[in-house]
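Welcome! Please take a moment to look over the sequence and the 3D view, and then walk through the notes that follow.

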Amino acid sequence: MSLNKLIKQCALNDKKAQATVYQLYGGKLFALCLKYSNNKQEAQDSFQDGFIIIFNKIGQFNFKGSFEGWMKRIMVNTVLQKYRKKNVLNIVTEDIPDEIIVDVDEEEVSLDMLLKLIQELPERYRMVFNLYVLDGYTHKEISSFLNIAEGTSKSNLSRARFILKEKVESVLSDQISG
Amino acid sequence: MREEKNIDRLFQEKLKDLEVFPPKKSWDIIEKRIVVSPAKRRIPFWVRITSIAAMLLAFITLGNRYIAPNNLGGFQQFIFKTKDSIKGIVQNENTKKETSITDTNNEVTELKTKVISLNAHPQISETTLEEDSFSEKVSQENTKSSFYLKDGQNLPLKKEVPAPEIAKEKRWSIAYNVAPIYFSSFGSSTSPVDNQFENNSTSGKSNFSHGIKIAFKLNNKFSVQSGVNLVDVGYTTNNIHLTPGVAIVSLADISEAPINSSKIPVASLEKSLSKPNAFPNSNTGSIDQVFGYVEIPLEIKYQITEGKLGLNIVGGFSTLFLNKNELLIEADGFTTNIGEASNLKDINFSGNIGVDVDYLIHKNLYINVSPMLKVQTNTFSKSTGDFQPYYLGIYTGLNFKF
């Protein structure tokens with residue numbers, strides 16, 4: 001069965017097809033939610049809500065472009081909607097250099113540690129860092145998603161990079177000294 | 001090896017293609033809350049009508065006894081999946097990944113995904129991200145320089161999605177319906193028989209409708225249903241005067257009714273009251289108009305509640321083909337056929353609305369009770385004033401899903 005047929009079957013509420021789509025993409029989309037959330041429970045809530053929207057709207061997928069990309073956008077949008085509901089205060093623009101270099105031995109950096117560091121970021125920074133760095137959105141797009149100025153998006157990104165650099169270095173120095 | 005690394009690249013390489021299996025209960029929650037909305041690309045309406053018409057034809061032609069669930073199993077065939085087809089999807093979609101699907105018990109039991117970006121980093125720590133047990137946590141594989149996400153049990157596997165049950169999902173149903181029909185009219189209760197009876201009281205007669213209904217479930221909420229019903233309705237015009245004429249009857253070679261209908265003078269009692277002696281030898285009686293239709297409904301059913309006891313709203317229309325048309329005079333205990341109404345159209349329509357209560361009595365068997373209001377249009381061609389007939393029926397049926 002082709003992917004297109006699988007999608008059509010999902011639109012007909014075929015449970016088996018839905019389960020297959022979940023099996024194929026659940027891992028990626030849950031990881032996405034983990035990156036955008038500050039804990040597992042929050043990620044799980046967004047993941048479930050997002051996947052329900054995906055299945056409910058799957059009949060509206062127009063088979064142009066990537067299905068995975070379409071699902072990711074829904075998932076990101078679900079996360080952002082929750083975030084917007086929290087009505088987080090704007091963070092003051094700060095002037096920080098674009099390029100943040102970190103002195104790191106790659107083998108010492110674990111996946112869980114990086115995920116944990118992202119989750120620990122202040123929410124606004126986490127959103128901007130994920131959207132820009134991991135999911136490739138532009139500052140213009142981010143500014144409209146989060147209803148902030150482009151400049152704010154840029155400064156939030158810089159701040160996020162700065163915090164992450166500090167933390168990575170701190171963790172690594174702890175490891176070395178420990 | 002230590003290197004100065006752009007912080008973006010560090011996170012991109014590690015996290016961009018990360019996959020973490022979601023908690024097991026997530027699928028249960030998602031599955032329960034899926035309410036598929038209508039797709040943009042839907043089957044054209046005429047295709048559905050044609051399908052229904054074809055089904056009807058098949059049912060009428062072959063008869064009820066030939067209809068068995070096994071004969072219609074082909075409809076579901078697309079639901080069955082082979083492991084090869086699933087594998088094909090995975091390979092098409094993820095060119096970056098090595099993917100394999102193992103197939104035990106005819107089910108996909110595990111999907112392992114290799115994250116290429118992590119090839120160079122086999123040292124993945126086992127530390128817990130959160131205080132609670134983070135079952136989705138990634139783990140390491142020391143023997144290979146590749147990284148597999150574990151916890152395949154979290155996927156909606158056999159237990160959560162039992163394939164045989166899904167494959168048996170039934171979309172069609174067939175039912176035998178019977179309904180007591182109460183026939184009446186909106187507007188002034190004039191008689192449809194003749195304008196001269198416009199002041200006479202009229203009353204509907206209760207009759208029965210019965211027939212076969214088939215339904216097709218479009219999605220969770222909507223079904224379309226059709227069928228064939230035989231509907232007999234009657235209408236009585238009261239307080240008419242009739243005066244028997246002299247019947248000239250040839251005793252041999254009787255070809256028609258023994259009393260020539262044209263020779264029975266009939267008049268409205270109300271009109272004749274001003275002339276009490278107009279019909280000195282007349283009897284009072286009534287005209288019974290009896291007509292019957294072959295009804296082919298086309299209705300959409302919307303499910304409000306589901307479960308063992310389901311509530312639905314039904315709306316649609318019917319095409320009615322006249323198959324019975326009689327006018328009878330009834331007076332002093334005798335009934336005489338005086339011909340047929342000339343103002344009844346051979347084809348007319350009705351708008352239908354009602355509710356439908358389903359009750360599942362067995363796996364594929366349910367009963368339904370459906371009070372329906374059917375308002376007819378185009379029933380009469382002339383002499384009817386604002387006579388707007390409708391009928392109420394309480395349709396009770398035994399339904400079989402296949």
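Glu68(A) and Lys28(A) are both buried. These two residues also form a salt bridge, with their closest N and O atoms 2.9 Å apart. Glu68(A) belongs to helix H4 (residues 67-86) of chain A and Lys28(A) to helix H2 (residues 15-36) of chain A, so the pair ties together parts that are 40 residues apart in sequence. Keep in mind that this is a predicted model.

- Over all chains, a search of the whole structure finds 14 salt bridges.
- In chain B, Asp356(B) forms a salt bridge with Lys301(B), and the closest N and O atoms are 3.5 Å apart.
- This pair links distant parts of the chain: Asp356(B) sits in strand E11 (residues 347-362) of chain B, and Lys301(B) sits in strand E8 (residues 283-305) of chain B, 55 residues apart.
- Asp356(B) and Lys301(B) are both buried.
- Back in chain A, Glu169(A) forms a salt bridge with Lys165(A), the closest N and O atoms being 3.2 Å apart.
- Glu169(A) and Lys165(A) share helix H8 (residues 150-177) of chain A, where they are four residues apart, about one turn of the helix.
- Glu169(A) has a relative accessible area of 25%, so this residue counts as partly exposed.
- A network of salt bridges links Glu42(A), Glu123(A) and Arg126(A).

**Aromatic rings**

- The structure holds 17 aromatic pairs over all chains.
- Are the two partners buried or partly exposed? Tyr137(A) counts as buried because its relative accessibility is 14%, while Phe145(A) counts as partly exposed because its relative accessibility is 23%.
- One aromatic cluster brings together Tyr22(A), Phe30(A), Phe47(A), Phe51(A), Phe55(A) and Trp27(B).
- A charged side chain meets a ring too: Lys8(A) lies over the face of Phe63(A), at 5.5 Å from the ring centre.

**Helix H1 of chain A and the cysteines**

- Helix H1 of chain A covers residues 3-11, and its buried residues are Leu3(A), Leu6(A), Ile7(A), Gln9(A), Cys10(A) and Ala11(A).
- After H1(A) comes Asn13(A), whose phi is positive, near 65 degrees.
- Cys10(A) has a relative accessibility of 0%, so this cysteine counts as buried.
- Cys33(A) counts as buried as well, because its relative accessibility is 0%.
- How many disulfides are there over all chains? The count comes to zero.
- As background, a disulfide is a covalent bond between the sulfur atoms of two cysteines.

**Chain B as a whole**

- Chain B has six helices and 13 strands in its secondary structure.
- Of the 402 residues in chain B, 43% are buried.
- Which share of the contacts in chain B between residues at least 6 apart in sequence joins residues at least 24 apart? That share is 72%.
- The accessible surface of chain B comes to about 21,100 Å², and carbon and sulfur atoms account for 56% of this surface.

How values were computed:
Residues numbered from 1 in each chain as written. Chains lettered and ligands numbered in written order. Predicted model: local features only at pLDDT ≥ 70, side-chain atom pairs only at ≥ 80, totals over all residues. Heavy atoms only, no water. Disulfide = S-S within 2.5 Å. Buried < 20%, exposed > 50% of the residue type's maximum accessible area, 1.4 Å probe, protein only. Helix = DSSP H or I, 4+ residues; strand = E, 2+ residues; numbered from the N terminus. Contact = heavy atoms within 4.5 Å. Areas by Shrake-Rupley, 256 points an atom, 1.4 Å probe, with all protein chains shown as cover. Phe/Tyr/Trp six-rings, centres within 6.5 Å; stacked < 30°, edge-to-face > 60°. Lys NZ or Arg CZ within 6 Å of the ring centre and 35° of its normal. Salt bridge = Lys/Arg side-chain N within 4 Å of Asp/Glu carboxyl O.
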